[in-house]
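Dear colleague,

Please find the structure below, handed over for your records.

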Amino acid sequence: MALFVVLSVFSGLRDFSLSFSNTIDPDIKLNAVVGKNFFISPNQELKIKNIPSIASYTKVVEERVLFFFKGKEIVTHLKGVDTNFTKTNVVLNNIYNGQWLKPDTYQVVVGYGIADKLSLGIFDFNNPFEVYVPRKGKGVIESEAEAFFKTNLIPVGIYAISEDLDSKYVFADLALTQELLELKSNQITGIEIKLKPNADEKLIISKLTSLFQNKVEVKNRAQLNVTLYKMLNTENIAVYLIFTLVIIIALFNLIGALIMMVLDKKDNLKTLYNLGSEIKDLKKIFLLQGSLLTIIGGIIGLILGIIIVLMQQHFKLIMITASLAYPVVFTIQNVLIVFATIVSLGIIASIIASSRVSKKLLD
């Protein structure tokens with residue numbers, strides 16, 4: 001019961017942690033293999049649009065730049081997005097204040113962390129929100145104008161997702177970002193794709209790789225957050241192993257109980273042996289008893305664990321905050337893992353205990 005509840009809790013915490021990155025990260029993202037950007041032709045766009053399993057896609061341009069506001073500055077990501085961006089992810093649902101930007105304007109949406117560091121408000125026309133983008137080229141720089149493209153932006157919205165993501169992005173119009181970075185209209189740094197439910201991810205990745213002739217790197221959501229996924233999976237495995245160790249220690253009680261039963265029934269076993277029963281048949285009695293104890297106990301524990309998890313899911317018995325219930329997730333995978341663990345360890349414990357039945361003991 002304890003093992004199942006803890007695995008369900010960690011599954012809930014895993015999904016809860018990933019929900020923040022899922023707000024910004026797409027199902028699939030295309031990046032340049034060489035350099036920071038690549039070109040996309042109208043024919044390639046049409047072929048992407050005609051892939052049945054793709055729900056929507058958006059072109060993006062992303063670069064780290066310098067932002068300046070009322071004597072304060074910050075270096076973070078300027079992300080140019082087109083009109084399809086809000087269809088590809090759910091960032092629009094996380095607008096904390098204001099509204100989403102309009103296309104072909106100087107409007108931007110900033111993260112709550114950025115706004116907090118710069119003491120930035122929305123629709124502040126008296127104090128310019130400036131962006132400085134390094135110019136391309138070589139030679140000696142003699143003035144600020146030669147070193148940077150500079151323009152004033154208009155913050156119209158603030159998004160709030162998580163502490164890290166709130167300090168990462170300033171969203172702007174795609175055409176404006178391409179102009180600041182001296183890119184052509186068909187030159188982008190990435191394509192973000194949202195898949196339809198039950199889409200074949202591997203097949204789509206193969207099609208996209210072939211479409212761009214291996215000039216782009218195609219990654220799914222797990223590959224985009226490989227460090228986060230590794231950390232969460234490692235935590236899950238560590239908790240499973242710790243509780244498995246606890247179960248192994250607890251099963252010493254089962255081994256001890258079966259050995260005491262062997263000693264207690266020694267006379268009965270001797271009688272059966274003298275009547276013609278073989279030692280291996282006598283061992284099977286205690287192997288069966290230990291296995292039944294483990295299986296029945298495991299089933300009862302799983303039923304109790306499932307009841308606890310489902311009650312937490314539906315009735316929110318334990319709260320982290322006044323509005324946030326402790327996250328738990330019921331999965332068949334966890335049921336099978338726990339049951340397989342209990343049964344396999346129980347059978348091993350029963351084999352160890354039943355091995356005490358021997359001809360030497362009966363003699």
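**Salt bridges**

The side chains of K79 and E192 form a salt bridge at 2.7 Å, N to O, a salt bridge being a side-chain nitrogen of Lys or Arg within 4 Å of a carboxyl oxygen of Asp or Glu. K79 belongs to strand β4 (residues 72–81) and E192 to strand β11, so this pair ties together parts that are 113 residues apart in sequence. Strands (E, at least two residues) and helices (H or I, at least four) are DSSP runs, numbered from the N terminus. K79 and E192 are both buried, where buried means under 20% relative accessible area, exposed means over 50%, and partly exposed lies in between (1.4 Å probe, protein chains only).

Please note that this is a predicted model, in which local features need pLDDT of at least 70 and side-chain atom pairs count only at pLDDT 80 or more, while totals for chains, interfaces and linings use all residues. Residues are numbered from 1 along each chain as its sequence is written, and side-chain values use heavy atoms, with hydrogens and water left out.

E192 also meets K29 in a salt bridge between their side chains, at 3.6 Å, N to O. With E192 in strand β11 (residues 190–195) and K29 in strand β1 (residues 28–32), the pair ties together parts that are 163 residues apart in sequence. The relative accessible area of E192 is 1%, and K29, at 11%, counts as buried too. K29, E62, K79 and E192 are linked in a network of salt bridges.

The structure holds 10 salt bridges. Another of them joins the side chains of E130 and K150, at 3.3 Å, N to O. This pair links distant parts of the chain, with E130 in strand β7 (residues 129–134) and K150 in strand β8 (residues 148–159), 20 residues apart. E130 is buried at 12% relative accessibility, whereas K150 is partly exposed at 45%.

**Packing of α11 and α12**

Helix α11 (residues 279–315) packs against helix α12 (residues 332–354) at an angle of about 155°, and their axes are 8 Å apart. Axes are lines fitted to C-alpha atoms, for helices over the stretch in contact, and angles run from 0 to 180 degrees between N-to-C directions. The two helices are therefore roughly antiparallel, a term for angles over 145 degrees; under 35 counts as roughly parallel, 65 to 115 as roughly perpendicular and the rest as oblique.

Residues of α11 including F286, L287, I295, I299 and L302 meet residues of α12, among them V338, F339, I342 and I347, contact meaning heavy atoms within 4.5 Å. The residues of this contact divide into 13 nonpolar, 7 polar and 1 charged. Here Ala, Val, Leu, Ile, Met, Phe, Trp, Tyr, Cys and Pro count as nonpolar, Asp, Glu, Lys and Arg as charged, and the others, Gly among them, as polar.

**Two individual residues**

Q289 lies in helix α11 and is partly exposed, with a relative accessible area of 30%. Leaving aside residues up to four places away in sequence, Q289 touches L258 and M261. The C-alpha atoms of Q289 and L258 are separated by 8.4 Å, the two residues being 31 residues apart along the chain.

S53 sits in the loop between α2 (42–49) and β3 (54–69) and is partly exposed at 25% relative accessibility. With residues up to four places away in sequence not counted, S53 touches L195, K196, A199 and I204.

Yours sincerely
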